[in-house]
Amino acid sequence: MKKNNLIKIFCLSIIFICVFFFFIDDPVGMLSILLIVFLSLILINKYPSIANLLITALAIRIIVLFLGNIIDLPDSGKDAVYFENIAFKFSQDGFYRVFTDHYTGANSKFICWIIAIFYSLFGRSLLMAQSLSLFFGMGSVFLGWVIAKKLWGNQKAIKVGWILSLFPSLVLYSVLTMREVYISFFLLVAVLGVINWSRDGRFRSIILAMFGFIGAYHFHGAMIIGGIVFLIIVGLITLNRFIKSLLLRKINFKNFITFIMIFIISVLYFSNQIGAAKIGTFEESINLSRLTKIMESSGRGDASYPDWLKIDSVVEYSYKGPVRAIYFIFSPFPWDIKKTSHLIGTFDSFLYMIIFYFILKNRKIILKDPGLRIVLLILISYFFVFGIGVGNFGTSIRHRAKFVMALILMAGPFFPKFKYSLKRKSSSYL
């Protein structure tokens, strides 16, 4: 059967399901899903080489989405329900007041404000809210493939695309009213900007990277850490280039202006004149008592980190900080399992171990590539910060999903090929 026929059958099946539910339950929600299908078809038509992985990514996510409206999916309670309820509350005052009275700025309720805009226009629809996550989920798969193609070439990019399409936590958060998929998308935008800047050195690449970091920051304050690290690196590199140009008596005003702008922002931050949600000003971000309270509040429940990982002094940050970062990425370990539900987290951590194994195999290429070196430093800073701020592996499973796409990109060349076969005697690589 030809690929085009498979695409048509798939699309007709999705449309049939959507139309069927359209007349039964939630017309706004089903139209939202149809819109995502339509946008995905545009990408499939424009990029036929990744048609199979886009179709698979869309089909799996729609199936999980419908399944989630029948049974409770992991992490579909508490925060997901809370965000949706707050969004509905915001929308009750109408479209205009959503902007004038309920704009949240950069904090955890920003996702509520986004959903509330649509609720105020079309009414409350959980499927519509989930479709927004689906939109960013599919956008992340596509954007991940674009970046991987820039880094590794077409064949390896397709392998990366398949991992992004099938990775369990990415599928899950693409259909929940949670922040993770939004953050993943904007972090990929930032990574694209970082990679572009390392290659072309243009100011517009810095703007693209900062747009991504600021977009992610609006959903979670600690995501601005990546932007701070990036600006420091850019500032140091441009300063070095400017000094070299002075020695050669060839003044590069572009590098000079870039350095001055970054220098001013850095001075304002390190002098505590400006701050960011979650991390506060520079002084607040290094305040030991404040950090201790954060660790204590996050380290509760049967999924909490071991007591020996609590930090009581500045010196302990030097050796317990990295260990907490390891716990953030790889927990729960076998000795942390206390009940059956923890096995889900163990499976998730096993997948991260595989990804890091491939990253280690790819370390020489990563360290030779300026853009990947910067991305690696940014990820390390995130892991350290979240390792300090997160105190139990139940929460870490959700938070580390923000970074898995960037990690998959770093490991790209060493993922195995995916093979499919429509006939017993004919098969080909995706």
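Visitor: In which helix does leucine 54 lie?

Guide: Helices are DSSP runs of H or I with at least four residues, and strands are E runs of at least two, numbered from the N terminus. Leucine 54 belongs to helix H3, residues 51-68. This is a predicted model, in which local features need pLDDT of at least 70, side-chain atom pairs count only at pLDDT 80 or more, and totals for chains, interfaces and linings use all residues. Residues are numbered from 1 along each chain as its sequence is written, and side-chain values use heavy atoms, with hydrogens and water left out.

Visitor: Does leucine 54 count as buried or exposed?

Guide: Buried means under 20% relative accessible area, exposed over 50%, and partly exposed in between, with a 1.4 Å probe and protein chains only. Leucine 54 counts as buried because its relative accessibility is 2%.

Visitor: Which residues is leucine 54 in contact with, leaving aside neighbours within four places in sequence?

Guide: Contact means heavy atoms within 4.5 Å. On that basis, leucine 54 meets Leu43, Ile44, Met138 and Val141. Its C-alpha atom is also 7.8 Å from that of phenylalanine 142, 88 residues apart along the chain.

Visitor: Which residues have the most contacts inside the largest nonpolar core?

Guide: In soluble globular proteins, nonpolar side chains tend to be buried together. A nonpolar core is a set of buried Ala, Val, Leu, Ile, Met, Phe, Trp, Tyr and Cys residues joined through side-chain atoms within 4.5 Å. Here the largest has 126 residues, and Phe213, Phe230 and Ile408 have the most contacts inside it. Helix H7 (residues 126-152) gives the most to this core, 15 residues.
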